[in-house]
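Here is a short note on the model, point by point. Please read it with the structure open.

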Amino acid sequence: MRQISYARHRFPPAIIQHAVWLYFRFALRYRDVEDLLAERGIDVSYETVHRWTHKFGRAYAGRIRRNRALSR
C-alpha cells in the first residue's frame, strides 16, 4: 500500500484529513468547510480545501474501501 505524502503542505495531516472528511461526509461546499474550520481557528481558503479534496480524496476513499473489505 502506498503512503500518502503530506510533504510541502502548510497544515498538519490531521487538519487536511478533517477538511476532506467534512467535505465528503456531509456533502458541504468548499466555502462551508472553510467556515467550519475558521470557527475552530484554522485559517484556510476554500481553494485549498478544493485542492486537498482532489489530491487526497481518492486515496482516502481507497483506504476506507480496503479496510471495509478486510473487516468482512
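1. Helices here are DSSP runs of H or I with at least four residues, numbered from the N terminus. With that in hand, G41 follows α2 and has a positive phi, near 85 degrees. Note that this is a predicted model.

2. Two other residues deserve a look at the backbone. Most residues other than glycine have a negative phi. R8 is not a glycine, yet its phi is positive, about 65 degrees. R8 lies in the segment before α1. R8 is also exposed, with a relative accessible area of 82%. A27 is the other case: its phi is near 50 degrees, positive in a residue other than glycine. A27 sits in the loop between α1 and α2. Its relative accessible area is 70%, so A27 is exposed.

3. Next, the core. Which residues touch the most other members of the largest nonpolar core? They are I16 and W52, in a core of 18 residues. The elements that give two or more residues to this core are α1 (13-25), α2 (30-39) and α3. The most comes from α1, with six residues.

4. Residues up to four places away in sequence are not counted here. Beyond them, I16 touches Y6, H9, F11, W52, F56 and Y60.

5. F56 is found in helix α3. Setting aside neighbours within four places in sequence, F56 is in contact with I4, S5, Y6, H9 and I16.

6. Now the rings. How many aromatic pairs are there? The count is six. One of them is Y23 with Y30, and this pair is stacked. Its centres are 4.6 Å apart, with 5 degrees between the planes. Y23 and Y30 are both buried.

7. F56 and Y60 form another stacked pair. Here the figures are 6.0 Å centre to centre and 15 degrees between the planes. Why are the two about one helical turn apart? Because F56 and Y60 are four residues apart in helix α3 (residues 46-71). An α-helix has 3.6 residues a turn, so residues three or four places apart point the same way. F56 is buried, at 2% relative accessible area. Y60 is buried too, at 14%. For both, the cut-off is under 20%. Ring pairs also link Y6, F56 and Y60 into a cluster.

8. Two arginines sit over rings. The charged end of R25 is over the ring of F26, 5.2 Å from its centre. The charged end of R31 is over the ring of Y46, 3.8 Å from its centre.

9. Side chains of opposite charge can pair when their charged atoms come close. How many salt bridges does the structure hold? It holds one. R29 forms it with D32, and the closest N and O atoms are 3.3 Å apart. Is R29 buried or exposed? R29 counts as exposed, at 54% relative accessibility. D32 counts as partly exposed, at 24%.

10. Last, α2. Which residues are buried in α2? Y30, V33 and L37 are. They cover an arc of only 60 degrees around the axis, so they lie on the same side of α2. What covers the buried residues of α2 includes α1 and α3. Y30 ties this point to the rings, as it also stacks with Y23.

How values were computed. Residues numbered from 1 in each chain as written. Predicted model: local features only at pLDDT ≥ 70, side-chain atom pairs only at ≥ 80, totals over all residues. Heavy atoms only, no water. Phe/Tyr/Trp six-rings, centres within 6.5 Å; stacked < 30°, edge-to-face > 60°. Buried < 20%, exposed > 50% of the residue type's maximum accessible area, 1.4 Å probe, protein only. Lys NZ or Arg CZ within 6 Å of the ring centre and 35° of its normal. Core = buried A, V, L, I, M, F, W, Y, C linked by side-chain atoms within 4.5 Å. Contact = heavy atoms within 4.5 Å. Salt bridge = Lys/Arg side-chain N within 4 Å of Asp/Glu carboxyl O. Arc of directions from axis to C-beta.
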